[in-house]
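I opened this notebook to record what I looked up in the structure.

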Amino acid sequence: MATDWKKYGFLFEELVKRDFKNQYRGAVLGVVWSVLSPLLTLLVMRLVFTQFFGHSIEHYTTFLFCGTLAFSFFSDSTSQGMFTLRSNVQIYSRVNMPRYIFLLSKNTQLLCNFALTMCVFLVFCLLDSVAVTPRFLLLLYPILCMVVFNIGLGLFLAVLLVLFRDIQYLWNVIVRLLMYLSAVFYNVNSYPPLIQRVFLLNPVYCFIRYFRQVVLDGVTPSLEFHLLILAYTLAALALGCGIYWKFKDSYLSYFE
């Protein structure tokens with residue numbers, strides 16, 4: 001990996017720049033959409049769900065922003081990352097290079113978008129009278145885990161898309177289902193303890209819960225919760241790397 005980075009570092013930078021340009025090509029507002037898009041999603045969700053959940057949840061705007069911030073990062077990284085092998089076949093079919101570099105460049109571009117949105121998120125916390133404390137530095141842990149988790153799952157989906165074209169439609173349905181199962185706009189504390197533990201089987205919910213515990217509850221998540229998130233992260237990475245290395249020498253045959 002280190003050797004690949006030294007050899008293809010310049011190419012990686014150019015791919016990140018290309019992803020930025022392609023994403024906002026033809027858009028009048030350009031890169032502003034990277035921040036405006038999640039804000040519009042937040043606005044729509046707040047208008048729709050405030051009447052149902054907002055009255056019983058303190059700082060509901062920040063509560064909702066925590067959910068949309070984490071879930072959008074997951075959704076964008078996996079939904080866009082799954083196309084990196086198929087859409088770049090014309091490049092790696094002619095140039096001998098590690099194919100995972102396309103997924104890494106896409107995730108780097110989306111991480112930059114996420115960082116911009118995080119700045120807006122901190123402003124919203126202040127406007128919503130949520131204290132921004134040094135404890136917020138703990139958010140680096142779930143963010144780093146999400147990056148690795150998204151890369152692992154993205155590798156898995158990218159290979160599956162090469163093998164089975166229909167996976168893109170199935171994944172769209174799964175992402176939509178996950179949004180409702182990840183407590184993006186509602187609180188699970190009103191459910192029985194057993195149901196609350198069932199939610200922990202969803203890694204996306206765990207990332208969202210970590211954000212809310214730090215930002216809204218002002219507490220440090222338990223060691224067990226840290227280990228649970230780490231386990232999900234390593235499992236996704238192992239899954240993605242495993243299927244990538246299994247089929248890495250046969251991708252091109254599926255395009256012939």
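**Overall fold**

I began with burial: 48% of the 256 residues of the protein count as buried, where buried means under 20% relative accessible area, exposed over 50% and partly exposed in between, with a 1.4 Å probe and protein chains only. I note that this is a predicted model, in which local features need pLDDT of at least 70 and side-chain atom pairs count only at pLDDT 80 or more, while totals for chains, interfaces and linings use all residues. Residues are numbered from 1 along each chain as its sequence is written, and side-chain values use heavy atoms, with hydrogens and water left out.

I then listed the secondary structure and found 11 helices and 0 strands; helices (H or I, at least four residues) and strands (E, at least two) are DSSP runs, numbered from the N terminus. For contacts, meaning heavy atoms within 4.5 Å, I looked at those with a separation of 6 or more: residues 24 or more positions apart account for 76% of them. The accessible surface, from the Shrake-Rupley method with a 1.4 Å probe, is about 13,500 Å², and 67% of it belongs to carbon and sulfur atoms.

**The pair α7 and α11**

I next took helix α7 (residues 140–163) and helix α11 (residues 223–247), which pack at an angle of about 30° with their axes 8 Å apart. Axes are lines fitted to C-alpha atoms, for helices over the stretch in contact, and angles run from 0 to 180 degrees between N-to-C directions. That angle makes α7 roughly parallel to α11, a term for angles under 35 degrees. I sorted the residues of this contact into 20 nonpolar, 4 polar and no charged. Here Ala, Val, Leu, Ile, Met, Phe, Trp, Tyr, Cys and Pro count as nonpolar, Asp, Glu, Lys and Arg as charged, and the others, Gly among them, as polar.

Which residues does V148 touch, leaving aside those up to four places away in sequence? I found T233 and L237. V148 is in helix α7 and counts as partly exposed because its relative accessibility is 24%.

**Positive phi in two loops**

Most residues other than glycine have a negative phi. I recorded H59, with phi near 55°, in the loop between α2 (33–53) and α3 (60–81). H59 is partly exposed, at 25% relative accessible area. I also recorded S129, with phi of about 60°, in the loop between α6 (100–127) and α7. S129 is exposed, at 60%.

Terms used:
Angles under 35 degrees count as roughly parallel, over 145 as roughly antiparallel, 65 to 115 as roughly perpendicular and the rest as oblique.
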